Amino acid sequence: MRKILASVAVNLVRIVSLLLATATTMALSLVLVFLVPLFLQFFYQIPKSWNHNGPIATDPIFWAFWLSISFGPAVLAFLVPPIGNWIQDQGFGVRKPSVRENAVIAQVNEKLTVAAKQNKRRIFQVVYRMMDDDDTNAFAYGSNRIVFTTDMLRKYAAFPNQVDMLAAIAAHELGHHKNLDTFFGTIQNFLFYPLHLAIFILNLLFSWIPVLSQINFLFVAVAQIPLFLSQFLSDFTRQMVEYRADAFAARLLGPKHFADILDDFGKTERWKGGGVLVSMQRSHPPSELRRDRILKEFGHLVSSDRLHAQTVE
Ligand SMILES: [Zn+2]
């Protein structure tokens, strides 16, 4: 029952978030719709057909221009996934793995492929990327990307079960792909491009002119209210999204390695502050509680003496 409710909540929030992001993007794209032809006319003779005849709301050119600015980047990213992935690669600042990093990643990938066959799960070909960062982290995006930070790879290189640990992490990230979290994340990401461009142009034009700069500031802030609302809503379901990816990882790889990696995460986890708001601020639920949930749901699949730690150590 809890799973069904979580699924309903996650999908409902996704749809509402997407609608709110769409509304914000369309509102701010209007700025581009009106400013781009104004700018272009300094360089080109604008065709007569571009001049709006009659009410603007019935002008097909206006609509074509408006919709293609608002949704063009998102549509392009999905029609041509390599372009969408490449643009996001640049955005996140990731790189290809080196030869020796690739050697580890190939073992991780092999481990996942074998586990998928054993547990009758279908997985797709992932493209791994590296991020040079001293944060121990991994994440997924685009249509097929999984990223490890250099620190993550190096930290677990010191472990005897390095490949098992990294495979558990990759399995969780694969869960984000399989549960369509990355799919919706990518749509949102590309919906924001025209929005950011519009804000950039508005600031460029008005942020240095007295009075107009204040009006501009207010306009940009108010126009983004739906977006803040969508982020606020997503924060409510973020932990459910993580638990769902955990469950996918445990089904794919078995609970042992995933419970072990959460045991390790818990040792370095620090969070300041407390109360209800903490659950909205942190990106993942507490590792100890994630581990509990995995063992509660999948613990029967592994004997407890095979788990890395059953008591706090
Ligand atoms: Zn996650």
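1. In which sense do strands β2 and β3 pair, and over how many bridges? In this predicted model, β2 (residues 138-141) and β3 (residues 145-149) are antiparallel partners, and four bridges join them. One of the residue pairs can be named: F139 is bridged to V147 in β3. The two strands make a hairpin, with three residues between them. Within that turn, G142 adopts a positive phi of about 65°.

2. Helix α9 covers residues 225-253, 29 residues in total. From first to last C-alpha it reaches 41 Å, close to the 42 Å expected at 1.5 Å a residue. That end-to-end figure should be read together with the kink in α9, which is about 45° and is centred on T237. Just after the helix comes G254, with a positive phi of about 85°.

3. L233 belongs to α9. Is this residue buried, exposed or partly exposed? L233 has 16 other C-beta atoms within 10 Å; a residue counts as buried at 20 or more and as exposed at 12 or fewer, so L233 is classed as partly exposed.

4. Which residues does L233 touch, leaving aside its neighbours within four places in sequence? The contacts of L233 are V13, V16 and S17. For S17, the C-alpha to C-alpha separation from L233 is 7.2 Å, although the two residues lie 216 residues apart along the chain.

5. Helix α12 (residues 287-298) has twelve residues, and the distance between its end C-alpha atoms is 16 Å, in agreement with the 16 Å that 1.5 Å a residue should give. Its buried residues are R290, R291, I294 and L295. Viewed down the axis of α12, these buried residues fall within an arc of 130°, so they line one face of the helix. What do they pack against? The partners are α9 and α10 (255-268). Two of the buried positions, R290 and R291, are arginines.

6. On the annotation: an unreviewed UniProt entry lists residues 12-40, 60-80, 190-209 and 215-234 under "transmembrane region". The model can be set beside two of these ranges. Residues 12-40 are 100% helix and 0% strand, with end C-alpha atoms 41 Å apart. Residues 60-80 are 95% helix and 0% strand, and there the end C-alpha atoms are 26 Å apart.

Terms used. Residues numbered from 1 in each chain as written. Predicted model: local features only at pLDDT ≥ 70, side-chain atom pairs only at ≥ 80, totals over all residues. Expected span 1.5 Å × (residues − 1). Bend = angle between axes of the 7 residues up to and from the residue. Contact = placed C-beta atoms within 7 Å. Arc of directions from axis to C-beta. UniProt positions renumbered as here; feature names shortened; annotations may be inferred. Pairing = 2+ DSSP bridges.
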